[in-house]
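Here are my notes for anyone opening this structure for the first time. Keep the model on screen and follow along point by point.

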Amino acid sequence: MSRLHSSSDGHERRHVAGPIWAIDAADGATYAKDGRPVWPFRNAREREALERMVATLDHRMEIIADATRCTLDGPGVVVGLGPRAFEDARLYAHLTLRRYEPAPTREALATMPTPSVVVTTFDHVDEELLDLLYDGRPSEQAPGLIFAFSDDDLRAQVLARSATLYCPARPAKTRRLELLPQLAVGRAEAEDLVVLGGNATPEQLREALAARPNLLTISTHSDGIDAQLLPALVFCPMDRVPDDHDPALAPSCHLTGFCHRRGRPIVQALAEGSLLSPSAVSADVMIHGVCWGLYPSPGVQSSAWSLSRRLIEELNVGALMTTWEIVTRTTNTTTELHHNVACGMPLGRALAIHHAAPESLRNGHRMCLVGDPELRLAPSDHADPLGLVEDHRPSQGARVEHVAALALLRGMVMQGRRTQRPDRSDSSSAAMSAVLGYELALLEGAPLEGDDDEPGPTLRRRIVEYFAERYTDSSRYWMSFIAETRTELARRPCPVCSRRIVSRHYGLRLTGASPRCHDHCPSCGPIADLPPGRELTLCVDPDGTIRLGGDLPHHHWDAQLVFDTQIPTMHATWPWPAAEDGAPVRRFRPTERWPQVPLRVALIMVRAECELNVVGCLCRVRSPSASVGHR
């Protein structure tokens with residue numbers, strides 16, 4: 001694919017004294033007065049959007065009765081991608097004093113120099129466009145992206161986002177609020193910075209958000225629909241059911257009425273206040289550092305339920321930086337980005353520096369910018385209190401007495417114990433007993449293989465059973481062992497849906513342990529967790545048949561098929577059958593009807609010599625036949 005050429009307009013937008021001028025103009029044309037742009041709203045909805053954004057940034061708007069119909073321009077380029085966005089892109093260019101250029105297709109956009117802003121409709125916003133705009137190559141400024149989840153709202157987004165450049169920097173009690181739920185700390189405060197960790201109380205978090213920080217950053221787990229903030233508080237948009245959602249792609253919680261994060265009915269979680277609405281968040285800039293940041297898995301969950309959609313449509317955040325697929329990060333991956341934004345660097349410049357940083361390139365960590373790249377906070381030269389925080393990395397050469405793969409399985413089971421959920425069964429004792437039995441056989445030189453109760457078959461069976469009853473993205477159980485990360489530059493098609501995948505290789509801090517290769521797809525989620533060189537794939541046919549591809553063992557293996565859902569009662573497993581030659585069958589269809597909710601289908605396999613293989617995909621199958629079959 002062609003890539004955008006690097007360029008920068010070198011022009012810094014300057015705030016104009018006085019209010020933002022707006023005019024009631026049914027024609028939606030471009031207007032100006034005294035050399036200043038005037039914001040034309042065509043209806044009450046557009047006027048409200050503009051007023052809300054201006055109020056978010058503590059500025060004011062004045063409606064005027066007359067203005068001259070004309071078009072302003074200046075340095076920098078706004079590209080309208082797709083014919084339905086041309087008119088709105090032309091207006092955005094006028095309001096931000098830039099030139100306008102049309103790009104009928106993404107291929108046309110790829111031949112252009114990097115624009116300042118791309119205005120487009122949601123049907124163009126996918127990983128191919130985001131790869132094109134934010135591919136991590138060195139550049140002076142990352143572009144901004146303006147779009148709406150509904151085409152009818154694009155003009156409102158254009159009016160609101162362009163106005164942010166003309167609102168003076170807002171003084172706030174808290175310049176920077178960091179929400180880090182995965183850190184075992186409560187509330188900490190330093191100059192211009194408040195940090196809330198996983199030990200903070202919901203009251204502390206709500207109080208911090210009420211202060212309306214200039215910069216709000218969140219680094220946590222998310223499926224694109226909600227995000228865990230605290231054990232008793234979830235960032236969730238379920239206080240409002242979207243009007244345009246597809247019932248066939250509704251999330252599990254809406255279909256069942258049960259909140260899997262809180263382990264109780266949604267109505268109860270809402271009533272007790274343990275679901276934090278996006279309406280409760282307000283900031284000049286928000287950096288949402290999660291997986292599935294921009295939208296949930298396409299094809300499995302409707303984007304109508306996206307947490308980022310609410311953040312964008314509420315217009316209580318001046319600009320949003322977030323991810324669009326599963327990413328890998330450490331404590332320090334985004335520290336410089338957060339600090340540069342907090343110090344008043346233009347957002348596009350701060351994001352370009354982040355994408356060019358060695359750790360971002362190694363981890364393949366990329367974010368997009370929904371908003372204008374020249375938006376910035378008030379300048380500040382304060383040192384970053386988090387800049388000296390080091391990731392906890394045990395020394396290299398961890399003591400491994402026997403087989404490194406066995407040590408890895410032991411460590412993964414221990415990690416699983418630390419995150420054991422009370423509503424899930426726990427067979428970790430049986431798994432650890434099998435590991436110790438296998439290890440003892442190694443020490444004594446006893447046979448490992450043979451009958452089902454020998455150490456090898458017992459180990460494989462117990463390990464497979466243990467991980468089959470847990471969340472099947474097994475990488476979470478070895479992530480803390482990572483020593484280094486490398487992202488493959490070549491992009492391969494997903495074996496499930498043919499969209500491009502991202503593949504990362506992780507070296508581990510276990511002497512002799514094989515690296516892990518983790519592949520993920522923007523639609524199907526994590527599709528493979530394998531050692532290098534191992535070829536194994538899983539696909540789901542529309543009738544519910546699961547197909548395995550790649551190289552399969554003919555002896556010394558154990559595997560289970562898992563239906564992994566957010567509703568514990570719908571979690572289901574089946575032993576994967578063997579063919580006549582001893583290898584796993586290539587095709588298998590479970591006997592039961594599939595849950596009619598989004599789910600992850602995964603195969604957990606352990607081969608000889610303790611090799612763990614996990615393949616799977618996110619999917620939603622429409623009532624496949626209940627008959628069984630395999631070959």
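1. Start at Pro531, which counts as buried because its relative accessibility is 11%, below the 20% cut-off. Pro531 sits in the loop between strand E25 (525-530) and strand E26 (536-540). Bear in mind as you look that this is a predicted model.

2. What does Pro531 touch, once residues up to four places away in sequence are set aside? The list is Ser514, Pro515, Arg516, Cys517, Glu611, Leu612 and Asn613. Take Ser514: in sequence Pro531 and Ser514 are 17 residues apart, yet their C-alpha atoms are 6.3 Å apart in space.

3. Now go to Cys610, in the loop between strand E31 (599-607) and strand E32. Cys610 is not a glycine, but has a positive phi of about 65°. Most residues other than glycine have a negative phi, so I'd give this spot a second look. Is Cys610 buried or exposed? Buried, with a relative accessible area of 4%.

4. Asp58 is another non-glycine residue with a positive phi, here about 60°. You'll find Asp58 in the loop between H1 and strand E4 (61-63). Asp58 counts as partly exposed because its relative accessibility of 47% falls between the 20% and 50% cut-offs.

5. On to helix H13, residues 404-418. Among the buried residues of H13 are Leu406, Leu409, Met412 and Val413. The buried residues of this helix pack against helix H14 (428-444) and helix H15 (455-468), and also against strands E23 (502-508), E24 (516-521) and E32 (611-619).

6. In soluble globular proteins, nonpolar side chains tend to be buried together. The largest nonpolar core here has 89 residues, and Leu109, Tyr134, Phe235 and Val341 have the most contacts inside it. Helix H2 (residues 86-95) gives the most to this core, with five residues. A second, separate core of 31 residues includes Leu409, Leu510, Val562 and Cys610.

7. Val341 deserves a click of its own. Leaving aside neighbours within four places in sequence, Val341 is in contact with Leu215, Val285, Ile287, Met321, Leu347, Ala350 and Leu377.

8. How many disulfides are there? The count comes to zero. For Cys259, the nearest cysteine sulfur is that of Cys236, 6.3 Å away; a disulfide would need the sulfur atoms within 2.5 Å, so Cys259 is in none. Cys259 is buried, with a relative accessible area of 7%. Cys343 also counts as buried, at 19% relative accessibility, so this residue is under the 20% cut-off.

9. Five cavities of 30 Å³ or more turn up in a search of the whole structure. The largest cavity has a volume of about 90 Å³ and is lined by 13 residues, with Arg176, Asp192, His339, Ala342 and His382 nearest its centre.

10. The second largest pocket holds about 560 Å³ of space. Of the 22 residues that line this pocket, Arg45, Asp153, Arg240, Arg309 and Glu313 lie nearest its centre. Helix H1 (44-56), helix H5 (154-163) and helix H9 (307-314) each supply at least two residues of the lining.

Methods:
Residues numbered from 1 in each chain as written. Predicted model: local features only at pLDDT ≥ 70, side-chain atom pairs only at ≥ 80, totals over all residues. Heavy atoms only, no water. Buried < 20%, exposed > 50% of the residue type's maximum accessible area, 1.4 Å probe, protein only. Helix = DSSP H or I, 4+ residues; strand = E, 2+ residues; numbered from the N terminus. Contact = heavy atoms within 4.5 Å. Core = buried A, V, L, I, M, F, W, Y, C linked by side-chain atoms within 4.5 Å. 1 Å grid on protein atoms, 1.4 Å probe; cavity = no way out; pocket = protein on both sides within 12 Å on 5 of 7 lines; lining within 4 Å. Points joined across faces, edges and corners; volume = space filled by probe spheres on them.
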